[in-house]
Amino acid sequence: AKYAGDDVFLRELEGVDIDDTETANLNSEIVMRTPLSNSFTLTGGTLLQQNLTSNDDKVLQRLPYISLNGYHPLEEVLGVNLRLTDQLKYTRFSRKENYDGSKLELYEKLTKPFYFGKYLEGSVYTDARLTKYSLSNTVVSKDSNGQVESSLPSSSDRLLPGIGGSVGTTFEKVVSSEALPVLKYLGELGQSGRYFEIAKFKHTLEPSLGYRFIAKANQKDNP
């Protein structure tokens, strides 16, 4: 957990080991994760944010979030090298001022990997994200008299379909550690250097090119 009793605390005192002196937010997060099967994992947690540049009453806190994540190789079922990834996530957002509420998301992604010999590998995919918002407080802003100037609907949704792909390759070069004595010396520092000696280094370069298209969606009523 991270907390500063004063918003300028990090900037005015030297040697404070809480976070970077230029950070705008202090984040405190608790995460719990457990496998449910070979295909599904359940994750839950909370995320608290302390804003160091504005009023904390307007900062959205995630109290809590729960996520069910799945990964399904479909080759044995369909006889085709396809991978299905899905996620169902619920997040409760809370704050003292302005709109808050909950968000329910369903994400599905179908991927087809491909290979060109030993030189290129890539994938193409199609995905969709469905989001459902339910607000308990719909107020966006108030005037100087405390009257509501603008607000959001208590319920709204959004669908974002997309397609994409990527292609890449890997270049590797193995060299003797004797050709890089400085790296060899640094790598053997510490306790592991007493028992092991670095014989070789491998340089790896992995260039890739990717593209993703997301269809335009009307988000006027979304928070």
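Are Lys-202 and Glu-172 buried or exposed?

Mentor: Both Lys-202 and Glu-172 are exposed, where exposed means over 50% relative accessible area, buried under 20%, and partly exposed in between (1.4 Å probe, protein chains only). This is a predicted model, in which local features need pLDDT of at least 70 and side-chain atom pairs count only at pLDDT 80 or more, while totals for chains, interfaces and linings use all residues. Residues are numbered from 1 along each chain as its sequence is written, and side-chain values use heavy atoms, with hydrogens and water left out.

Lys-202 and Glu-172 form a salt bridge, their closest N and O atoms being 3.7 Å apart; the term requires a side-chain nitrogen of Lys or Arg within 4 Å of a carboxyl oxygen of Asp or Glu. Lys-202 lies in strand 11 (residues 200–205) and Glu-172 in strand 10 (residues 171–176), so the pair ties together parts that are 30 residues apart in sequence. Strands (E, at least two residues) are DSSP runs, numbered from the N terminus.

The structure holds 7 salt bridges. Another one of them pairs Lys-184 with Glu-188, at 2.8 Å from N to O. Here Lys-184 is buried, with a relative accessible area of 12%, whereas Glu-188 is partly exposed at 23%. Elsewhere, salt bridges with shared partners join Lys-103, Glu-105 and Arg-129 into one network. Lys-103 counts as buried at 19% relative accessibility, and Glu-105 counts as buried at 11%.

Terms used: Helices (H or I, at least four residues) and strands (E, at least two) are DSSP runs, numbered from the N terminus.
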